[in-house]
Amino acid sequence: MSIDDEAQEPLEPRVGPVPEDDPEFRPYRHPAAGWGAARSVTRFLLEERALVDGPRAIMRMNHENGGFDCPGCAWPDDTKGLHLDICENGIKHVTWEMTRKRVDRDFFAAHAVTELAGWSDYDLENQGRLTEPMVYDAASDHYVPISWKDAFELVGATLRGLDSPNRAAYYTSGRLGNEATFLYQLMARELGTNNLPDCSNMCHEASGRALQASLGTGKGTVDLKDWESADALFILGVNAASNAPRMLTALAEADRRGARIVHVNPLVEAAATRTIVPHAFTDMALFRTTRTSTLNLQPRIGGDMALLRGMAKAVLEKSASDPKALDVAFIDRHTAGFEEYRALCEATPWEELERQSGLSREDILEAARVYGEADRSIVSWCLGLTQHEHGVDTVREIVNLLLLRGNLGREGAGPSPVRGHSNVQGNRTCGIDHRPTDAFLDRLADACGIDPPREHGLDTVRTIRAMREGTVKVFVGMGGNFALAAPDTAATYAALRSCDLTVQVSTKLNRSHVVHGRAALILPCLGRTEKDHQRRGVQSTSVEDSMSMVHLSVGMKRPASPHLLSEPAIVAGMARAALPDSETPWDWYVEDYDRIRDTMAEALEGFEDFNRRVRLPLGFRIKQPARELVFLTPSGRAEFSSAALPDIVPEPGTLALGTMRSHDQWNTTIYSDNDRYRGVKNLRTLVFMNRADMRERGIADMGPVDITSTAKDGSSRFLTGYTAIPYDIPRGCAAGYMPEMNVLCALGDYSTQSDQPIMKHLKVTVVPAAG
């Protein structure tokens, strides 16, 4: 049972399917992907009765000539036209969306919302695709059908009745395409608010702020061709085999050409060992594996910044005897703040770097040697670095290290954040930003003829707080499962239930539909796999991958229901009802998405000539000034950061706990209770611990434990009856699955640098279960 001190209501801990067998744990010792992935996919396709439709769709995935872009991760499409650049999770994601199961009006008539609230999250989503708009009827405690016209009018009337446009918040997940994203932010700003929280607020906000401060751009500078020519790849805080599985192809190719690959993660994940790439048919047939790593380092949770600074210190010390260790010409010509940073590194003792990183001096020097011997290096990272109090400083430390050897603005080198959602980066590019710049708002005003608000809006954490306090009364969610994805589960539930109206635009039933406001709408939308028919024919949408490539996505399947609308059509419908006097041509836009793209070409920097360029093979890459050594910083140069090294060593008796996904999971969607790459079967309510930490606490292998988190304000949150799994993780560290463990992250536990919830660095105690 999970309990929040501030909201003493029981929370549903059951996320995955009910296990049919007892929990098992056997360390995984096989290569990533390969036949294990093939077997898993086959099983999944059989369960979903998609043994024909699934592969047929996958064979056309990620092609510019027909087909569609995978709605899963944001890893770029293969630059060589590889038609089988697919992954296990991509196939599962698409098949899960293409299910033949339906959630129609008869389903809702048969099940009250109170009943559905007791179902597991797996069971909710496993009912299938939503088929028509539904509205909550409080008298019967059921969702009942509503016409699209009446649904839009309910939204419009509620928004028009607010005494301030800032009483509403407009959330989006990373699945929303660029065209719908642009219309969505246009609607919010024409209504008069910048309350545009998004999933970036919970994942890569730190990356954007750090890169903006250091380089003047909020994105990475490398592309997939750079990955194909780098001499060294440093992968920090990334579980690639599950979160960006197609990265395995790049890692395998890098090993074959002799590049060095360094993985930095408290857990040695499967992707950091070896792989059999599924489309490498000879390797599959011969069970021939390829290394995906040449060095694995396991820092303590939060110790990455100390490792990076130690590597920089080693480079600087070597430069005393080897002038080529530094790119002095690059530093002099293109950077600011170098001498201050050099002094900081020199003043930081090795003993402190070892203590904070949890690594030996020899480990740090070995990583530095790999970096120093490589002519071209890429540093890539994900949430393992960002969901910390000091996430911005850590990402800036990555840039510091790259600047020392001029690893910027040339092929095969640079910073490369890995985004998980298919279009989370595109959402931000196209205007989902609660802190828009004046330059963005000026262009938007000129292109769209509106007067957008200039006051910054609310991010995700502040939106939850404002809903709970009653200052935000309407919540609109475009995709995702906000109730499960957000921190402090009980506080988030209470916030949503405090709203006058919640609107969820979704493809499947999920927790956010049964944790709702006093009035609630479910608006079902087309999936990325489905044909989007509008007045001027079948439409395409665009997405931006994690390396700034923008390309088109065209659905190929018949829609799951004739009553579904596209996301642009739903946004336009809400906007027409909420803004009856608007001069924005909402219906005209929806008839032909090329019209939206023409306006985006005027409003968005880098989208000029959008319609032509997006139809090029593989689309086009948004220009990154820092890649051209143009730095839009106050100094006009790349800025070294001289942040103090934080003390992240856990207090005696406590552990630093990080939340993560299992392998058989995509964000808040759970496919099973298994985690193949970590050797777990039939179990999600677990905590991975160092065996010595378990023995010190009297915890047996697979023994029951209770977990208590302590928030910054001193309050506590609890999980009871979890199972402790002995695992290869540094002492003082622990890990477990989100969304179950989100309850442990208090709403006030967010980074003062990025405002992100610190879900990768929770302060917890773990003890044998009471009773």
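Contact here means heavy atoms within 4.5 Å. The model is predicted.

Q: Which residues does Tyr184 touch, not counting residues up to four places away in sequence?
A: Tyr184 is listed with Leu159 and Met574 among the residues with the most contacts inside the largest nonpolar core, which has 62 residues. With residues up to four places away in sequence left out, Tyr184 touches Tyr170, Tyr171, Thr172, Leu176, Ile432, Val476, Gly477, Met478 and Val571.

Q: How many residues has the other core, the one with Ala206 and Phe640 among them?
A: This core lies apart from the largest one. Its members include Leu308 and Met311, and its size is 50 residues.

Q: Is Thr294 buried, partly exposed or exposed?
A: Thr294 is found in the loop between strand E13 (290–291) and E14. Its relative accessible area is 22%. Buried means under 20% and exposed over 50%, so Thr294 is partly exposed.

Q: With which side chain does the side chain of Thr294 make a polar contact?
A: Not counting residues up to four places away in sequence, Thr294 touches Asp255, Ala259, Arg260 and Ile261. The side chain of Thr294 makes a polar contact, at 3.3 Å, with the side chain of Arg260.

Q: Over how many bridges do E11 and strand E14 pair?
A: Strand E11 (residues 260–264) has 4 of its 5 residues buried. E11 pairs in the parallel sense with strand E10 (residues 232–236) over 5 bridges, and there Arg260 is the bridge partner of Ala232. With E14 (residues 295–297), Val262 has Leu295 as its bridge partner. E11 and E14 pair, also in the parallel sense, over 3 bridges.

Technical notes
Residues numbered from 1 in each chain as written. Predicted model: local features only at pLDDT ≥ 70, side-chain atom pairs only at ≥ 80, totals over all residues. Heavy atoms only, no water. Buried < 20%, exposed > 50% of the residue type's maximum accessible area, 1.4 Å probe, protein only. Helix = DSSP H or I, 4+ residues; strand = E, 2+ residues; numbered from the N terminus. Pairing = 2+ DSSP bridges. Core = buried A, V, L, I, M, F, W, Y, C linked by side-chain atoms within 4.5 Å. Polar contact = N/O pair within 3.5 Å; in protein donor to acceptor, adjacent residues only side chain to side chain.
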